[in-house]
Amino acid sequence: MNRVVTSEVLNQLKCKFKGNVVGNEPLSKHTTLRVGGAATIFAIADSLEELRLLLQTSTDFELPYFIIGKGSNLLVSDRGFPGIVVVLGKDFKGISVDGSHIRAGAGVSLQVLVQKALENGLKGLAFAIGIPGSLGGALALNAGAHGHAIGDVVKSVTVYTSDCELKALGGLELSFGYRSSSLPSQGVIVEAVLRLEKGDTNLIRAEMERYFRKRKRTQPLKLPNVGSIFKNPPGLSAGKLIEEAGCKGLRMGDAQVSLKHANFIVNLGNASAHDVYSLMRRVQEEVFRVKGILLETEVTLVGDFE
Ligand SMILES: Cc1cc2nc3c(=O)[nH]c(=O)nc-3n(C[C@H](O)[C@H](O)[C@H](O)COP(=O)(O)OP(=O)(O)OC[C@H]3O[C@@H](n4cnc5c(N)ncnc54)[C@H](O)[C@@H]3O)c2cc1C
């Protein structure tokens with residue numbers, strides 16, 4: 001987008017928009033891997049009206065938009081994102097409990113949800129302990145661990161459609177797969193109701209602690225990363241395949257295949273998206289050469305990598 005259009009869009013938005021909107025915002029500040037170029041426009045939508053305004057601006061100026069949750073599954077290109085990046089703010093962070101149901105905004109962090117469930121003696125979310133995403137990102141990707149996933153406990157989801165309407169989806173209108181869901185094609189996720197079960201608080205806490213200890217033991221949590229880079233092929237472990245292909249510790253620039261968990265790539269300090277992407281491709285090639293299996297990417301690529 002040329003500079004004149006950018007400043008026109010920014011000026012228009014700043015006139016109508018009470019929330020935070022800036023130009024040329026480095027997305028490395030908003031991703032857990034700490035890499036990625038700038039978004040032409042970066043905005044925090046604090047209300048549905050502000051979200052509407054941003055999506056309308058995206059249509060009016062024929063600019064793509066992208067919703068970011070906590071940026072914990074994203075590899076953003078060094079060239080950034082040539083459009084409007086939106087984060088859901090204040091009005092999307094509500095959370096309430098009604099019996100064994102939790103209603104939460106898409107901007108609520110999974111960790112807040114996990115704690116809320118624990119406080120209310122509700123079971124079904126312990127698996128999510130340590131997954132550093134938002135509810136919106138978790139629903140979009142059907143985040144999961146230890147044989148469970150968020151889709152298992154979803155009762156309904158409200159999306160904001162491209163026609164600027166709120167639509168509640170439930171039952172057969174929702175479908176969840178392995179790290180995928182039908183939701184991103186249906187609109188921006190704004191809220192969901194989770195159906196949990198009454199449980200024993202001590203048992204729930206013990207389950208959470210067990211899962212969290214396992215994470216600390218097996219994952220490189222002290223260095224910036226983006227979780228699993230590749231999906232596990234059916235019945236196999238991507239990490240084990242990568243290790244057996246001899247890629248553990250492989251390095252490109254400051255991106256390294258973690259020595260602790262081979263399906264993680266860590267940023268040793270100044271990795272670029274290009275370093276990470278090249279390393280991913282190299283690992284994919286090696287695993288294919290040695291094991292004859294083509295690993296499928298789990299991390300979401302944003303922007304241009306070719
Ligand atoms: C240390 C570490 C451990 C991890 N462990 C796990 C794990 O065990 N299991 C697992 O599944 N994942 C894991 N992840 C990956 C990541 O945390 C999850 O995929 C998480 O659900 C992503 O949520 P997010 O809010 O960060 O989404 P983002 O990374 O910001 O976005 C991911 C995708 O969701 C979309 N999205 C986000 N919000 C919305 C919305 N409101 N409406 C529509 N689309 C939206 C984005 O557009 C994007 O396509 C891990 C990551 C890290 C860094």
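Reader: How are helices and strands assigned and numbered here?

Author: Helices (H or I, at least four residues) and strands (E, at least two) are DSSP runs, and their numbers start from the N terminus. This is a predicted model, in which local features need pLDDT of at least 70 and side-chain atom pairs count only at pLDDT 80 or more, while totals for chains, interfaces and linings use all residues. Residues are numbered from 1 along each chain as its sequence is written, and side-chain values use heavy atoms, with hydrogens and water left out.

Reader: Which element gives the most residues to the shell around the ligand?

Author: Elements that each supply at least two residues of this shell are β3 (65-68), α4 (135-141), β9 (144-145) and β15 (188-195). The element that gives the most, with five residues, is α4.

Reader: Which residues come nearest to the ligand?

Author: A residue is near a molecule if one of its heavy atoms lies within 4 Å of it. Of the 34 residues around the ligand, those that come nearest are Ile67, Ser72, Ser134, Gly144 and Arg215.

Reader: How far is a polar side-chain atom of Arg215 from an oxygen atom of the ligand?

Author: A polar contact is a pair of N or O atoms within 3.5 Å. An oxygen atom of the ligand lies 3.4 Å from a polar backbone atom of Ala138, and one lies 3.2 Å from an N or O atom in the side chain of Arg179. For the polar side-chain atom of Arg215, the distance to a ligand oxygen is 2.7 Å.

Reader: Where in the chain do Glu191 and Arg103 lie, and how many residues apart are they?

Author: Their side chains meet in a salt bridge (2.8 Å, N to O), that is, a side-chain nitrogen of Lys or Arg within 4 Å of a carboxyl oxygen of Asp or Glu. The pair links distant parts of the chain, with Glu191 in strand β15 and Arg103 in strand β7 (residues 101-105); the separation is 88 residues.

Reader: Is Glu286 buried or exposed?

Author: Glu286 forms a salt bridge with Arg289 at 2.8 Å, N to O. Buried means under 20% relative accessible area, exposed over 50%, and partly exposed in between (1.4 Å probe, protein chains only). Arg289, at 60%, is exposed. Because its relative accessible area is 16%, Glu286 is buried.

Reader: What separates Glu286 and Arg289 within helix α7?

Author: Helix α7 covers residues 273-291. Because the two residues are three apart in this helix, the separation of Glu286 and Arg289 is about one helical turn.

Terms used: Polar contact = N/O pair within 3.5 Å; in protein donor to acceptor, adjacent residues only side chain to side chain.
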